[in-house]
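Here are some notes on the model for your review. Please read them with the coordinates open.

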Amino acid sequence: MKPEAIPRIEIAILAKAPIAGLAKTRLIPHLGADGAAALQRWLLQRTVAAAVVADLGPVTLWCAPDINHPEFAVCRAFGAVTLRRQPDGDLGERMHTAIAESSTSAGTLVIGTDCAVLTPGLLRQAAESLQQHDATIVPAEDGGYVLIGMREAGRDAFLAVDWSTERVMVQTRARLTAMNWRWSELPPLWDVDRKEDFERLAELFPDARALAPQIATLA
């Protein structure tokens with residue numbers, strides 16, 4: 001299905017500002033605080049660019065801790081990107097808000113910035129799948145998910161989920177089943193959270209290794 005044949009669907013991106021010491025904290029021991037922040041900047045820009053190129057509909061960048069970091073302004077230059085501050089609450093509450101406040105009636109795709117291999121083509125595939133289902137999910141290899149799309153905001157899917165654990169996807173399937181929703185799952189992808197993930201990223205994108213000069217010579 002060509003992008004123009006898909007009803008307009010919003011892409012909501014939940015993103016942290018690339019602040020040293022606050023961004024990609026699990027990778028600080030490997031990359032250093034500045035290197036981890038540089039990686040977050042790289043992932044942020046790559047994700048926003050993919051959403052804009054997918055050309056599915058409005059792109060909203062939900063920013064934390066606020067919209068004032070200059071890197072968020074850089075992302076606005078990529079195309080029609082709206083900046084909004086992430087609301088308070090856990091991850092489920094923030095994702096639900098992004099869907100509930102979407103400007104499109106055909107559905108919303110919610111993503112983070114941790115998955116470097118989430119391409120415009122995969123975003124279009126998820127949007128197409130959402131036309132036939134109540135929800136569409138791209139699971140993560142670590143037991144969570146890197147994308148969830150919903151045609152309407154289903155709060156129950158986000159309740160009592162142990163976020164940032166390997167139980168997220170199992171619990172989400174149980175919630176969707178209890179809601180009597182039909183959903184599809186695309187092949188799993190992976191986030192860049194650990195040293196092993198960064199090394200995997202650097203194999204695919206050699207320029208990523210230069211983000212942290214202190215490890216540029218590591219295999």
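1. Start just after α5, where asparagine 180 takes a positive phi of about 60°. Helices (H or I, at least four residues) and strands (E, at least two) are DSSP runs, numbered from the N terminus. Asparagine 180 sits in the loop between α5 (168-178) and β7 (183-185). Asparagine 180 is exposed, at 67% relative accessible area. Here buried means under 20% relative accessible area, exposed over 50%, and partly exposed in between (1.4 Å probe, protein chains only).

2. This is a predicted model: local features need pLDDT of at least 70, side-chain atom pairs count only at pLDDT 80 or more, and totals for chains, interfaces and linings use all residues. Residues are numbered from 1 along each chain as its sequence is written, and side-chain values use heavy atoms, with hydrogens and water left out.

3. Now α5 itself. Its buried residues are Val168, Met169, Gln171, Thr172 and Leu176. An α-helix has 3.6 residues a turn, so residues three or four places apart point the same way. What does the buried face of α5 pack against? The partners are β5 (135-139), β6 and β7, where contact means heavy atoms within 4.5 Å. On the other side of α5, Val170 and Ala178 are exposed.

4. Two further backbone points deserve a look. Most residues other than glycine have a negative phi, and most peptide bonds are trans. Aspartate 55 is not a glycine, yet has a positive phi of about 55°. Aspartate 55 belongs to the loop between α1 and β2 and is partly exposed, with a relative accessible area of 43%. Alanine 64 and proline 65 are joined by a cis peptide bond, with omega about 5°. Proline 65 is in the loop between β2 (59-64) and α2 (70-76).

5. Is lysine 24 buried or exposed? Lysine 24 counts as buried, at 12% relative accessibility. Its place is the loop between β1 and α1. Its side chain makes polar contacts with the side chains of aspartate 114 (2.8 Å) and aspartate 193 (3.3 Å). A polar contact is a pair of N or O atoms within 3.5 Å; within protein, one must be able to donate a hydrogen and the other to accept it, and residues adjacent in sequence count only if both atoms are side-chain atoms. Leaving out residues up to four places away in sequence, lysine 24 also touches others, including Ala36, Leu39 and Val192.

6. The largest pocket has a volume of about 970 Å³. Of its 36 lining residues, the closest to the centre are Leu91, Asp114, Ser164, Asp191 and Asp193. A pocket is an open set of points on a 1 Å grid over the protein atoms alone, where a 1.4 Å probe fits, with protein on both sides within 12 Å along at least five of seven lines; lining residues have an atom within 4 Å of a point. β6 gives the largest share of the lining, four residues. The lining divides into 18 nonpolar, nine polar and nine charged residues.

7. The second largest pocket has a volume of about 150 Å³. Its lining includes Arg26, Trp190, Asp191 and Asp193. By class, this lining has two nonpolar, no polar and nine charged residues.

Methods: Points joined across faces, edges and corners; volume = space filled by probe spheres on them. Nonpolar A, V, L, I, M, F, W, Y, C, P; charged D, E, K, R; others polar.
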